[in-house]
2 protein chains.
Amino acid sequence: MTLKLPAIAVNGIINQQVSPLDRGFTYGDGVFETCRMIDAKIPLWNLHSQRLQKSCHQLMIPVVIELVESYIAQLIACVSSRDLTDAVVKIIVTRGQGGRGYRIATEAQPTLCIGIFSPAKYAENYADAGISVRMCSHRLSCNKALAGLKHLNRLEHILARAEWNDDAIAEGLLLDSNNYLIEATASNIFCTKNGILLTPDLTEAGVAGVLRRLIIEDLSPKLGLTLQIKKLTLNDLLTADEIFLCNSVNGIWPVVNISSQHETQFHIGKTTRLLQQELQHELQKK
Amino acid sequence: MTLKLPAIAVNGIINQQVSPLDRGFTYGDGVFETCRMIDAKIPLWNLHSQRLQKSCHQLMIPVVIELVESYIAQLIACVSSRDLTDAVVKIIVTRGQGGRGYRIATEAQPTLCIGIFSPAKYAENYADAGISVRMCSHRLSCNKALAGLKHLNRLEHILARAEWNDDAIAEGLLLDSNNYLIEATASNIFCTKNGILLTPDLTEAGVAGVLRRLIIEDLSPKLGLTLQIKKLTLNDLLTADEIFLCNSVNGIWPVVNISSQHETQFHIGKTTRLLQQELQHELQKK
């Protein structure tokens with residue numbers, strides 16, 4: 001059987017639906033990963049797998065990563081290799097069914113949903129030419145128990161993304177309720193100032209992206225960049241030298257314009273281009 | 001056809017499943033209501049219906065309440081009237097499918113899921129004898145855009161409910177990140193002090209329950225009670241005269257014990273009993 005995209009399987013069964021009693025549906029009780037696939041492989045799988053397991057552990061969802069991997073492999077086998085040259089793999093793990101109300105049933109079996117999707121069309125142009133972004137007025141709430149996790153409670157990001165419809169604006173930047181810069185609606189953010197690479201501390205809010213981690217732990221050291229993870233304000237951002245967004249599907253997008261109370265322009269700088277090259281190199285290596 | 005409980009229909013189709021692309025499943029992008037049913041009727045439907053519409057409006061989900069009502073009626077018609085004497089009706093409304101990532105598709109059709117369940121067994125004893133509760137260590141995050149809504153992003157309440165397994169503890173009380181008292185994991189909270197009925201302000205966090213609203217707008221005025229909605233601390237609570245929890249399914253539960261750093265005992269007082277009687281009266285009237 002050859003499936004067209006999107007190809008989706010739930011608990012290993014192709015085109016399976018989800019129970020309306022699934023806690024993913026009733027409470028957003030789960031986590032997800034969105035991974036870039038190149039030539040039927042997920043180059044950053046190691047990092048996605050680690051985050052998935054860490055998030056599940058923190059939410060006490062007993063995921064078995066080998067089962068996730070075997071479901072991905074089974075679904076890949078059903079899709080034409082032409083459709084897997086450049087694709088997006090989405091993995092949803094919920095707590096499954098059971099439990100009265102919010103209470104967790106100890107016997108609950110997680111639901112594992114795998115989907116393979118076509119990539120969006122914009123990515124390459126954005127990476128070259130840079131993007132315009134806006135400041136969202138929605139503020140992310142602070143919660144140490146959920147910060148960093150890519151969980152299924154995404155109403156805040158949906159409300160933020162609903163603030164604009166202008167296709168010329170590629171992303172929206174989010175502050176938290178204490179007015180610290182956290183991330184964009186679906187990307188992490190970095191900037192440089194006086195030769196130092198900076199990215200927001202995410203212990204109170206935000207999603208700790210896989211590509212953010214790769215940049216922090218792997219690409220930056222390789223390039224000899226000095227990096228600081230710290231609380232950043234909007235003013236820190238607007239006075240930065242270079243700014244870029246990143247996520248594991250789209251790679252690195254330079255920011256050339258921020259519309260806040262005023263418009264602020266930025267140049268695409270050396271550090272951004274070096275990191276883009278190093279990422280390209282890294283993805284090809286895997 | 002006569003269905004056994006739980007009887008569930010999705011978009012009017014009995015035993016239908018949910019698409020794994022439904023935004024309720026992928027992002028918790030929706031709202032719900034949990035209603036008490038007595039003799040095949042939902043006595044507080046008017047209030048549930050208003051909250052459902054208000055929540056959907058705030059989240060820009062174009063729900064059609066007449067469609068919800070017709071699906072409830074259709075499902076009721078499939079269940080034996082004996083099973084509807086005392087039941088729980090759960091309504092989930094999600095944004096449906098569509099939209100790239102967090103972005104909302106303007107053409108999305110909401111998913112309407114109706115379920116009729118048997119009631120839990122504990123309710124009556126708790127209402128008479130009172131309950132023991134504990135303070136949760138999890139803190140609710142503050143977000144004015146989501147506060148009050150009964151939305152599907154419930155990880156915070158799940159983490160709070162996971163803090164204890166002792167069946168002698170009926171509920172857990174929640175403070176927000178600023179240490180103000182907000183609610184219990186699945187109930188609202190009231191207390192009395194010097195003859196005044198007090199309940200937390202929910203503009204920053206919490207679910208504004210239907211029974212809470214009935215008590216504030218209907219039962220208290222009828223009983224001539226003075227009521228204040230205000231920011232309350234744990235100390236306000238521990239020095240209160242009477243405390244009770246409420247939700248539309250379980251009614252009013254007096255709190256007789258709070259375990260925090262110490263155990264604090266409370267008497268079941270006159271105001272609590274009067275409100276229980278008035279509620280009983282109100283439910284029978286409808």
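Me: Which residue of chain A forms a salt bridge with Arg103(B)?
Reply: Arg103(B) forms the bridge with Asp167(A), and their closest N and O atoms are 3.0 Å apart. A salt bridge here is a side-chain nitrogen of Lys or Arg within 4 Å of a carboxyl oxygen of Asp or Glu. This is a predicted model, in which local features need pLDDT of at least 70 and side-chain atom pairs count only at pLDDT 80 or more, while totals for chains, interfaces and linings use all residues. Residues are numbered from 1 along each chain as its sequence is written, chains are lettered from A and ligands numbered from 1 in the order in which they are written, and side-chain values use heavy atoms, with hydrogens and water left out.

Me: How many salt bridges are there between chain A and chain B?
Reply: The count is two. There are also 18 residue pairs in polar contact between chain A and chain B, both residues being at pLDDT 80 or more. A polar contact is a pair of N or O atoms within 3.5 Å; within protein, one must be able to donate a hydrogen and the other to accept it, and residues adjacent in sequence count only if both atoms are side-chain atoms.

Me: Which element gives the most to the side of chain A that touches chain B?
Reply: H5(A) does, with six residues. Helix H5 covers residues 155-161 of chain A. Helices (H or I, at least four residues) and strands (E, at least two) are DSSP runs, numbered from the N terminus.

Me: And how much area do the two chains bury?
Reply: Chain A and chain B bury about 4,600 Å² between them, with 65% of it on carbon and sulfur atoms. Phe25(A), Tyr102(A) and Leu155(A) supply 19% of the area that chain A buries against chain B, more than any other three residues. Buried area is the accessible area (1.4 Å probe) that two parts lose on being put together, summed over both. In terms of contact (heavy atoms within 4.5 Å), 57 residues of chain A meet 57 residues of chain B.

Me: Is Asp29(B) buried or exposed?
Reply: Asp29(B) is buried, at 0% relative accessibility. Buried means under 20% relative accessible area, exposed over 50%, and partly exposed in between (1.4 Å probe, protein chains only). Asp29(B) is in the loop between helix H1 (23-27) and strand E3 (30-38) of chain B. Its side chain makes a polar contact of 2.8 Å with that of Arg23(B). Not counting residues up to four places away in sequence, Asp29(B) touches residues including Leu155(A) and Ile158(A).

Me: What about Phe190(B) and Phe244(B)?
Reply: That pair is stacked, because the ring centres are 5.1 Å apart and the planes are at 10°. Phe190(B) is in strand E9 (residues 188-193) and Phe244(B) in strand E12 (residues 242-247) of chain B, 54 residues apart.

How values were computed. Phe/Tyr/Trp six-rings, centres within 6.5 Å; stacked < 30°, edge-to-face > 60°.
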